[in-house]
Every structure is written in C-alpha cells, then in structure tokens.
Amino acid sequence: MIPVTPLANERPSALATEISERLNAAIREHLLSAFAPDNSKTLRSFSAPETAELLGVSGQFMRKVHAEGTLPEPEDIRGGRRYYAAQEIWDAREILEKTSRKKGRYMPRRSGEEKLQIWQLMNFKGGSSKSTTSVHLAHYFALRGYRVLALDLDPQGSLTSMCGISPEIEFDGLTVYDAIRYDDPVSMADVVVQTYFPGLSIAPSRLMLSEFETESAVHSNPDQPFFTRIRNALAQVEDDFDIVLMDSPPQLGFLTIAGMAAASSLIVPLTPSMLDVSSTAQFLELAGAYMGVIEDAGASLQYDFFKFLITRDEPTDVPSQQLTSFMRALFQDRVMSATALKSTAISDATMLKQSIYEVVRSEMTRATYDRAKGSMDAVGLEVETMIHQSWGRK
Ligand SMILES: Nc1ncnc2c1ncn2[C@@H]1O[C@H](COP(=O)(O)OP(=O)(O)O)[C@@H](O)[C@H]1O
Ligand SMILES: [Mg+2]
C-alpha cells in the first residue's frame, strides 16, 4: 500500500513539482517490483513451433538440423520441449544461412544497392496508436532477422520506455536531442543503444528533446537547417541497420517535420472515428503546407510509400466500419489492407510495456491472443512486402 499524505504545496509551480516528485517515486517503486531485481526488461523464450514459424521452416526441418548437429540444441529444454532465446534464433539464422542455397533465406537484411528503410509513423492525434504500432513493427522485424533502429521523436518517450529504458526515472544517458542539437552535437553512434531485444536498438528520447522545438524556432543556420538534422544523424549509423522506425510526437512541430525530411516512407495511423478522420484531414493539410515550405528551403522529399493504417479496428462496430469503408473508397490502396485490431490483448500488453510478441500465448485466452497477434503479423507482413518492393526484391 502507498501511504498517502496530503500534498503540501498550494502555489501551482511548487504543487506541480511536488506531484511530479510523488509520481516519479511511485513509478520507481512500482517498476522496481515489476522488474526486480535490476529493473531491466528481459525477453521471454520462444517455443519450437514459434521458432520454426519465425525461421520460416517446418518443425520437421528443425528436428532434422538438430539431429544432424547443424544447429546446436537450445539451452532451455523442458519436458522434452525446446525453448529458444531470441538470441539463439538470431544465431540460428546465421548458421542456417550458410547452408542455404537461396541467399537471404534466413538473413533477410539489406545488401548491395538496397537502401536503408526509414519509416515514420505520424499523426498529430494522440492515441492514434503511433507508439503501439512502432513497437510492434520493431519487434516484428527484429524477430525476423532485420537490424532495426527504433528512433523516438516524442519527448514523452513512450517508445523509449517500451524498449526497456524508463525516461521518467533512472535514465540520464544521451538522447536523440544530443545528436541533433545545434551546439556541439554528439555522434548518433553514441546515442544509439542496444536493447534487451536482439536485433533492436533504440535512439532514446526524454523530455529534454522538446528543447529542439524551442531552439529550432530561434536558430537560423542556413548550412544546417532543422530539417536536415535527423537525416544527417541517421546517415552516421546507416550501415548498422536495415530498418528505422520513427515514432512521432502528437504534434506537427519541428521534430515531426525533421522526421518527414529524413523518412523514406510514411504511415499515418488513424482510428476509425469521426473525430480522428477529421483531425487527420487537418493534419495532412498542415503537413502538406509544411512540406511545401521545407521543399522551397531546399529539402527534397520523396516517399516510396505514403499509407494510412487503420488502428484499433473494431469489425463488429458498424459506425467505425462505415468510416473504414469510406476511407478505402476515397483513397483505395493508400489505405493499408491489413488493420490493427482493437484488442484487450494489445492494451493489456502495453500496460506492461510489452508488445504482443513478448506475451506468452498460454498466459492469455488463446483466441484473444491469436486474433491480436494475427492482426499485428498481417500489418508487419504488409510493411515487409512494401520494404521488399522498395529494395526491388521479388
Ligand atoms: N490495437 C489496439 N488495441 C487496443 N488498444 C490499443 C491498440 N493500439 C493502441 N492501443 C491503446 O491505445 C492507447 C494509445 O496508443 P498509443 O500507441 O500510445 O498512441 P499514440 O502514440 O498515437 O499517442 C494506448 O493506451 C494503447 O494501449
Ligand atoms: Mg505516442
């Protein structure tokens, strides 16, 4: 139980500080009990059928390569069943790739002329599922053997905390801000950190990042305008990644626009409600105007894909289905075919700062889990297909 004492301050400034201190202390204690003892996130292991699915092989094939000794046994075998750590799946990709006749069959990462994929999720409506979609895509791709960078452009740091770093508390490391600030920026390589999730790195954010909004408003260095700064920072770590997923703040400020100038493709997630659809119309009107302004200032914007994604989709809710049909009629294939279904499996997982991929199937109602994971997989696969198109793969 939390001992509750009345708040002591009445002056708004002191009151706000007191509330924030009390909240932070409570979060710290809550997190410590949730992620004891070292307060760090870890990733579950994956069953043999899940592993076979991720590797795109049959269970029989897995048993064969283990029997032949091509693939070492996983460390965790319980009751005759194999459980694989994500790192073991990652290592298995390397081993199997060497034995495979089709290049890239197990290690699908980019090569040769294939360009770094920079996907931005943006919409100024809060709650449109930007951060949830970002983390699910990040996990989808990391589990499939791509080198993923999650780039958090939201000073609130939702994506950062999903990646196991709590911006509210212990974290005082470098952030995206340090790589894009105007005075004495650091190298992006120093900002990017590997997460507990093999294949996934994060360029973290915290409140400090909002300084970029303030500084960009007063700064006018024509050699290094604001809209070049994220692109330039990403160029410094380009060789280490296949896919960058940029989460955006719920506003159309300098950070979001600098993201747009770096992106190679855009996804605008929106929930099928009248308010969201009309606010998205305003968002795109503004975005269009700003894109024009930075293009006039010398930015060249070019997107391989510019798509809408319906999020928190409710197939049994008639008004929302009407809106979804309306969007599809207006914009055809600009609206992704896959939708992210609204599911308690997703909201429960995100409460624990997890994606559906981190949840063990047997810990949830199976049908609920399967429906949610199936929907996230479909969104991931559709983005993966677009990425392969961008790379010119068949
Ligand atoms: N598919 C979904 N099903 C159920 N809840 C969802 C789903 N996607 C997002 N949510 C919930 O909606 C809220 C807002 O999502 P979030 O990703 O933080 O939006 P944004 O980043 O656009 O502000 C979160 O509490 C999240 O748990
Ligand atoms: Mg968010």
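Eight residues of domain 1 contact 12 residues of domain 2, where contact means heavy atoms within 4.5 Å. This is a predicted model, in which local features need pLDDT of at least 70, side-chain atom pairs count only at pLDDT 80 or more, and totals for chains, interfaces and linings use all residues. Residues are numbered from 1 along each chain as its sequence is written, and side-chain values use heavy atoms, with hydrogens and water left out.

**Domains**
- The protein chain is assigned domain 1 (46-99) and domain 2 (117-391), with bounds from an automatic or database domain assignment.
- The centres of the two domains, taken over C-alpha atoms, are 31 Å apart.

**Ser248**
- Ser248 lies in the loop between strand S8 (243-247) and helix H11 (254-262); helices (H or I, at least four residues) and strands (E, at least two) are DSSP runs, numbered from the N terminus.
- Ser248 is buried, at 1% relative accessible area (buried: under 20%; exposed: over 50%; partly exposed: in between; 1.4 Å probe, protein chains only).
- Beyond residues up to four places away in sequence, Ser248 touches several residues, including Lys130, Asp154 and Thr256.
- A polar atom of the Ser248 side chain lies 2.6 Å from the backbone oxygen of Leu121.

**Surface patch**
- Leu7, Ile19 and Leu23 make a nonpolar surface patch of about 250 Å²; patch residues have over 30% relative accessible area and no salt bridge, with nonpolar side chains (Val, Leu, Ile, Met, Phe, Trp, Tyr) joined within 5 Å and like charges within 9 Å.
- Accessible areas come from the Shrake-Rupley method with a 1.4 Å probe, and a salt bridge is a side-chain nitrogen of Lys or Arg within 4 Å of a carboxyl oxygen of Asp or Glu.
- Ile19 belongs to helix H1 (residues 12-34) and is partly exposed, at 37%.

Definitions and conventions
Chains are lettered from A and ligands numbered from 1 in the order in which they are written. A polar contact is a pair of N or O atoms within 3.5 Å; within protein, one must be able to donate a hydrogen and the other to accept it, and residues adjacent in sequence count only if both atoms are side-chain atoms.
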